[in-house]
Each structure stands twice: as structure tokens, then as C-alpha cells.
Amino acid sequence: MALALLPAAGAAAAELLEANSGQGGETLDLQSLRVKGKTTLIDFYSPFCPPCLRLAPLLEALAQKRPELVIKKVNINRPEIKGIDWKSPLAQQHRISSVPHFVIFSPQGKAIHGQAASKKVMDWLTEAGLMPK
């Protein structure tokens, strides 16, 4: 499901997309989510993760402020699981042991993971005035 985001005057439309809608928890090739020529942020989350739920509107606001950024949300949960689904094929495939979990692809396709990706997201949120310094 794509969320309609209004662009700033003169800016291109920002993108925040649900990357695996209807297929939560299934394995996924991250390279297929990358948008060539743009920075792509992949946000692995669970609908049962309180920090993920608090972060969601901040990521939406970030997408509005940074049109060069594409944010793709990836649900790690299988539909039948209540609670964070650490044993889903997707969580196992990408060795996800905490959520939110980020992967960032540069416009050229270079990926950063783990703590470095989390720090970059927090830096972007702070720079955008969405988090306190």
C-alpha cells in the first residue's frame, strides 16, 4: 500500500511504500526493493513493536521532507502470528533479532546495515527537525 504524501512546493513526490503487503513474514530479496538512483531505506518492523509504531509517523514526515529518499516498510510478521514474529522466514533470512531494523541502499546500490544504518536514520530524523538533538 503506498501512502499518498504531499510534496513540498516544487519538490518531487516523496515515497513511503509497504513493500510486502499481504506477504508479511515471507522471504524477500532486498536488492529487488532498491530504487536505482535514489537512497532507499528499508524499515523492517512488526505491527506488535511499540517503538516501530512510534517511529512510523516520523518516517512518514521524513519522506515528506526528503524527496530523494524512498522508504520501504517490510513487515516481518506472518499474518497468523500475534506478537513479534522472530521465527518468520523473513526474520530468519535476514537474521533480524530486533526491530525496527534498517538497511539503507545508496543511490549507487551500496548497502549499510545494523548500527550504522540505525544511526543514519536517527541523524536524518534529527536533521529534519523530527527528533531532538
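**Chat about the sheet and its central strand**

Me: What is the strand order of the open sheet?
Reply: In this predicted model, the open sheet has 5 strands in the order E1-E3-E2-E4-E5, and the pairing is mixed.

Me: Which strands are at the edges?
Reply: Strand E1 (15-18) and strand E5 (111-113); each of them pairs on one side only.

Me: And how much is the twist from one strand to the next?
Reply: The twist averages 20°.

Me: How do E1 and E3 run, and how many bridges join them?
Reply: E1 and strand E3 (residues 69-75) run parallel, joined by 4 bridges. For a landmark in that pairing, Leu-16 has Ile-71 in E3 as its bridge partner.

Me: What does helix H3 touch in the sheet?
Reply: Helix H3 (residues 114-127) packs on the sheet and touches strand E2 (39-45), E3, strand E4 (101-105) and E5. The direction of H3 makes about 80° with that of E4.

Me: Back to E2. Parallel or antiparallel to E3?
Reply: E2 and E3 run parallel, with 7 bridges between them. Across that pairing, Ile-42 stands opposite Lys-72 in E3.

Me: What about E2 and E4, parallel or antiparallel?
Reply: Antiparallel, over 5 bridges.

Me: Which helix goes with E2 and E3 in the β-α-β unit?
Reply: Helix H1 (residues 50-65); with E2 and E3 it makes a right-handed β-α-β unit.

Me: Why is E2 described as largely enclosed?
Reply: Because 7 of the 7 residues of E2 are buried, the strand is largely enclosed by the rest of the structure.

Me: Which residues of E2 are on which side?
Reply: Thr-39, Leu-41, Asp-43 and Tyr-45 are on one side, and Thr-40, Ile-42 and Phe-44 are on the other. All of these are buried, and both faces of E2 are covered. In a regular strand, side chains alternate between the two faces of the sheet.

Me: Take Thr-39. Why does that one count as buried?
Reply: Thr-39 has 15% relative accessibility, and buried means under 20%, so Thr-39 counts as buried.

Me: What is Thr-39 in contact with, leaving aside neighbours within four places in sequence?
Reply: Thr-39 contacts Glu-68, Leu-69, Val-70, Ile-104, Phe-105, Ser-106, Pro-107 and Trp-124.

Me: New topic, rings. How many aromatic pairs does the count come to?
Reply: The count comes to 0 aromatic pairs.

Me: What sits over the ring of Tyr-45?
Reply: The charged end of Lys-73 does, 4.4 Å from the centre of the ring.

Me: Where does Pro-47 lie?
Reply: In the loop between E2 and H1. At 36% relative accessibility, Pro-47 counts as partly exposed.

Me: What does Pro-47 contact, leaving aside neighbours within four places in sequence?
Reply: Leu-53, Asn-75 and Asn-77. The C-alpha atoms of Pro-47 and Asn-75 are separated by 7.4 Å, and those two residues are 28 residues apart along the chain.

Me: Now the whole chain. How many helices and strands?
Reply: The protein chain has 3 helices and 5 strands, in the pattern β-β-α-β-α-β-β-α along the sequence.

Me: What percentage of the residues count as buried?
Reply: Of the 133 residues in the protein chain, 40% count as buried.

Notes. Residues numbered from 1 in each chain as written. Predicted model: local features only at pLDDT ≥ 70, side-chain atom pairs only at ≥ 80, totals over all residues. Heavy atoms only, no water. Pairing = 2+ DSSP bridges. Helix = DSSP H or I, 4+ residues; strand = E, 2+ residues; numbered from the N terminus. Axes fitted to C-alpha atoms, helices over the stretch in contact; angles between N-to-C directions. Contact = heavy atoms within 4.5 Å. Buried < 20%, exposed > 50% of the residue type's maximum accessible area, 1.4 Å probe, protein only. Right-handed = clockwise from strand over helix to strand, strands pointing away. Phe/Tyr/Trp six-rings, centres within 6.5 Å; stacked < 30°, edge-to-face > 60°. Lys NZ or Arg CZ within 6 Å of the ring centre and 35° of its normal.
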